[in-house]
Amino acid sequence: MTTLHNTSTHSRPIPNPSKSLITKLNMGTGLVVGVIFAFAAYYAFRPNADTAGFYNQQNKALLAAMLFWSVGFLIGIGAFIGPFRWLIGKDLTAEEQLYLAGDGQGVKRYFKYCTDHKVVGIQYLVGVMAMLAVGGGMAMMIRTSLAVPGGHFIGASVYNSLVGMHGITMIVAMIIVATGPFGNYIMPIMIGARDMAFPRLNALSWWVLFTAIPVLCSAWFLGGIPTGWTAYAPLSVQAGPGMNAFVATILIFAVSTAVAGMNVTSTVVAMRAKGMKWNRVPIFVVGATMSVALAIPAFPTFMLAMVQTATDRVFNTGFYDANVGGSGWLYAHLFWIMGHPEVYVILLPGIAILMEIAPVFVRKPLFSYNAAIMGFAGIAGLSVLVWAHHMYISGWTPTLNGPFMVTTEMISVPTGLLFLVMLGTIWRGKPWMKLPMLGLFAVIWNLLIGGITGIYLSDVPADNYLHGSMFVTAHFHYTLMGAALTGAVAGLAYWFPKMTGRMLNEPAGYTAFWFTQIGFQVLFLGMFIAGAEGQPRRVVSFAAMYKYSNMISTGGAYLVGIGFIILLWAVIHSWRKGDIAPQNPWGAKTLEWTVPYPVPLENFDEAPIITSDPYGYGKGN
Amino acid sequence: MSNHDEELTPTPGQRAINLFRRTDVQRALLFTILWTAVFVILGLYFYPKWMPEVMSVDMKSMERIMIGFTIISAPIAGLVLGIATQAITNRHKGDTPPPDGPAVRTNGPIVAVWTVVSGIFCLIAIVWGIVEVNTMANAATTEAGTAVHVQVIGSQWVWSFKYPDQGVESDKLMLPINRPVVFDVISEDVNHSFWPVQLGVKVDANRLQTTVIHTVPTKLGNIDVKCAELCGLYHAYMETSGKVMTTDDFNNWITTNGGHVA
Amino acid sequence: METTTSTTSSSKRLISALVFVVLGVAIVGVVGFTLHTLSADPQKPLYATKSADTIEIDGKSYPKASAVLGVYPDKATAAKYGFTANRHDYVQYGPSTHLVLPAHTYVTITIHAYDSGEHLNNPYFGKVVGTIGGTINVDGVDVNNIPSDNVEHTFTLHGIPSTSQDPLFVNVPLPQVKQDDKGNNIPTNDPGTQGAGHTVTFSFLTGSAGDYVWNCEYPCGDGTYAKFGAAMSAYGYMSGKVTVA
């Protein structure tokens, strides 16, 4: 591969459009305007004396306050200055645009509406780590409560909220865990682009997501959510004021994913370097793009489901109320039409990261690039046709269980191709057991267990027994946490030098790896057993016969918790004081390793020209 | 694959023999066999041990699938883990990248064989599943006449059972042995999921929408009835017990509760 | 970034990591215990009063115990649960929703009920289940059933069947109090002294020690789906625990 680049430090005059409003706006002004908007909306929609007793009036005021908070924050941080200028027939000046990119503004730019894709990537990374930490902490409390039969540690109502808040926090975090930090920071450099296709939308996607976080947290102060993250109706319609926070979170998050998905897809389609034909695109870029492209059709249905939940709660529309002709199955369909593609939205980038890593660490080309593409495309394509396997036992048209079983089990074939690519790449190589590579082996094991248990669950008679049990919980944690999260952490270890300029501390990294992975196996082995024994999921209390399996699970959970705290230490410590990384510590051939740290504002001084794919490793290549 | 270090192109037979002489292939095979054995043992020994007593035809079918699918997938899991384990035994230590490996970019026949074989395994699973589903559906139509009908009512957070033909209502699920039973499940409020654990069946309870499942209890003993769909505050406590009893005991129970034998 | 090696020694790093882990565990622990405290039952358990009497049932002798409950919106002890504020307007079982009953005992519970009502979601819960004789005593009259449109609340005691605890299922419907024009049938404190209530008495046998719950099956969460939200879904008003010790 030939690339033309200039590694000299490039200096630019720091722009200072001091008269422009954009220099005055930041997260602080966003918070102020957001809070003002929230209170104004609550005041405008507040229940009056006649309607004070009606829950739907309370729901209306709360939902309005939450959505207006988001809009207000975005106005306050200056997200709409560009569109507003267009409305009055102007645009930002070149100087202002350069200012928005945050060049030379140091740490401050992370708290501003900054259009530089690298800044957005770091914002996502820190945000995701915070969410995972909070979600993980909630998991520890759930497991503590389930340590012994009887469930005395956390009360039933708070326990149910914990389950739901853990779920939604983790799902949101996992959807962005790879495409957020790496898709924003690394991917544009990987394809030789100077930035994303729509840098202002890129900043928008992050700050919209950011506004969802306080909304979600507010659920705790409004009585929690009793529904779990699936928010099944009509339970969600019955639920108290905390449910409004859930609804508003999803409405806001769906906007963020739509904007981000459109932006990533456009960037990859339109911004690749000269010569980067489709068969020369790094596999991570392919996987991440398929993932966000899959999210584009998936999330609007979730948004719609939530809009209907909101109208049921506020205007008593009865979409999900069978008493007035609605149906809970409508919700289940809308939810799972999003819900099943969504697990592959989470999984694909994680696997793609490992495929990016494997050739570098075994010094062999990626085995069968085409099989990898077919695997990703096959999964993405089939995943929109399988949603009703979540509804085998819902009683909705049992005749269709057969066809949905067929499509679901067919997914094992493209998934098998992903295994083949990973195994073919490491076969006959000498894997260099650095942290990223350990992740690959862990994921092979975890995804295998998650995949095989998925085959049981896809089978109708087995699902008749296992559905809604702890077995399902263990299964999807193997795929989402064991495979997707481990893949993302491997990606963090791999790209850490490029994103922070320092190496991730290895001893701490290895310790964290073994704690989390061993703990993980113990935790979910126990949960598989509890599920096979017949323990339903999401229960605050369970019979004494499940005592041992739950005790094992809780022990494993504590190991995982300690492992992730060690990992967090490793990240924080290495970011501040780690060993300075060379430009290309792993000897990789993708474009991001050709640029220095700190990566200059527009990445490349001279646009790279691509003449081959980045997997030209090995003898005789 | 690059063969330029060999002087003559070997025949396919010789190539196969050469392949199995390679230590990495031998090692991978050995690990494959070991891992396959692990999964077979898991299926044959552990699943039946973990799962509750088989008390109905559906539970039997479920257990068969758990064991069968585990054994079918054992060689695949074995191969995947065998190759991975072999790679780990061949790992590279140190702070510099390992030497270059062979520049194999793909191997058409291997990709084809892998795809076809995984397709066949997938097909076995699909056909097996469809046959089981079909058997269940057929059983439903043939058994309907002699069946005991139980109306299962889920309300937040208690189950109750109505025996319309016998005129009995109960908070416990009592069933006669070896007689088909049809559950008509309904909810008074939010969604629940009716799960008589040892019977291996489950169906959601929906408001104003009766869902139906059926099974044949084949063994005397206690049943745990649970709710498998999060239904609010006391979801965890939405449980009750039940019993599969002899026909005489069942009839006695009906009459002592003011019903009539039907 | 003046050097290419780490700026801290390895022992310092180890200490820093250990401190971080301890701190991390401590933070999660503190948050966990905060939730534990906030989600704990705010009400003091109500212990059944044991008496010296015994009673013989089916040839076995049981000691006796009793407890008195009231159903009314209690301003003094209205439940506070989690992060939700006190709702004085919610009707609740009082003085506590957590009952502690002695094991293997003939327990008699008296409930003073002061609420009105409409009708049950599931008529089954108009039936008396699990009491001695299958009846309850309403203002001196034994009944085994209350029509589903004449129920104000129910006391439905159940739990998780398990090898380690005996099953216990009791369902007691409470008859409605017809409200007068002034709507003053519902007292706000001191049950049994004002308003026109019903006194319902029933007895059942406890088994060996175990944890159970009870909840009301009369849908009184007006304005919510199936009327099972609000007070019905908030712990401590229409639901509680029963500990057999």
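In the predicted model, buried residues account for 44% of the 245 residues of chain C. Chain C holds 1 helix and 13 strands. Read from the N terminus, its elements run α-β-β-β-β-β-β-β-β-β-β-β-β-β.

Gly140(C) sits in the loop between strand 7 (136–138) and strand 8 (141–143) of chain C. Its count is 7 other C-beta atoms within 10 Å. A residue with 12 or fewer such atoms is classed as exposed, and Gly140(C) is therefore exposed. Gly140(C) and Arg13(C) are 127 residues apart along the chain. Their C-alpha atoms are separated by 77 Å.

Chain C meets chain A through 40 residues, and chain A contributes 39 residues to this contact. On the side of chain A that touches chain C, several helices supply at least two residues each: helix 5 (117–145), helix 6 (156–176), helix 9, helix 10 (235–238) and helix 21 (547–577). Helix 21 of chain A gives the most, with 7 residues. By class, this side of chain A has 23 nonpolar, 13 polar and 3 charged residues.

Helix 9 of chain A spans residues 199–221 and contains Leu209(A). Around Leu209(A) there are 26 other C-beta atoms within 10 Å. The threshold for a buried residue is 20 or more, so Leu209(A) is buried. Beyond its neighbours within four places in sequence, Leu209(A) is in contact with Phe253(A) and Ser256(A). The C-alpha atoms of Leu209(A) and Ser70(A) are 9.2 Å apart. Along the chain, these two residues are 139 residues apart.

Chain A is assigned domain 1 (21–113) and domain 2 (114–594). The centres of these two domains of chain A, taken over C-alpha atoms, are separated by 29 Å. Their contact draws 23 residues from domain 1 of chain A and 25 residues from domain 2 of chain A. Helix 2 (residues 55–77) of chain A provides the largest share of the domain 1 side, 13 residues. The domain 1 side comprises 13 nonpolar, 7 polar and 3 charged residues.

A helix pair of chain A was also examined. Helix 16 (residues 412–426) and helix 17 (residues 435–458) of chain A have axes that come within 12 Å. These axes cross at roughly 165°. Angles over 145 degrees count as roughly antiparallel, so helix 16 and helix 17 of chain A are roughly antiparallel to each other. The crossing of helix 16 past helix 17 of chain A is left-handed. Helix 16 of chain A takes part through Ser412(A), Thr415(A) and Met422(A). From helix 17 of chain A come Leu440(A), Ile444(A), Gly451(A) and Ile455(A). The residues of this contact between helix 16 and helix 17 of chain A divide into 4 nonpolar and 3 polar, with no charged residue.

Chain A also touches chain B. This contact involves 78 residues of chain A and 73 residues of chain B. On the chain B side, at least two residues each come from helix 2 (23–50), helix 3, helix 4 (108–143), strand 7 (203–205) and strand 9 (221–227) of chain B. Helix 3 of chain B gives the most to this side, with 14 residues. The side of chain B that touches chain A has 42 nonpolar, 19 polar and 12 charged residues.

Chain B is divided into domain 1 (12–91 + 109–141) and domain 2 (147–256). A distance of 36 Å separates the centres of domain 1 and domain 2 of chain B, taken over C-alpha atoms. The contact of these domains involves 10 residues of domain 1 and 14 residues of domain 2 of chain B. Helix 3 (residues 57–89) of chain B supplies 4 residues, the largest share of the side of domain 1 that touches domain 2. That side of domain 1 of chain B has 7 nonpolar, 1 polar and 2 charged residues.

Notes:
Residues numbered from 1 in each chain as written. Chains lettered and ligands numbered in written order. Predicted model: local features only at pLDDT ≥ 70, side-chain atom pairs only at ≥ 80, totals over all residues. Axes fitted to C-alpha atoms, helices over the stretch in contact; angles between N-to-C directions. Parallel < 35°, antiparallel > 145°, perpendicular 65-115°, else oblique. Left-handed = near helix turned anticlockwise from the far one by under 90°. Contact = placed C-beta atoms within 7 Å. Nonpolar A, V, L, I, M, F, W, Y, C, P; charged D, E, K, R; others polar. Domains from an automatic or database assignment.
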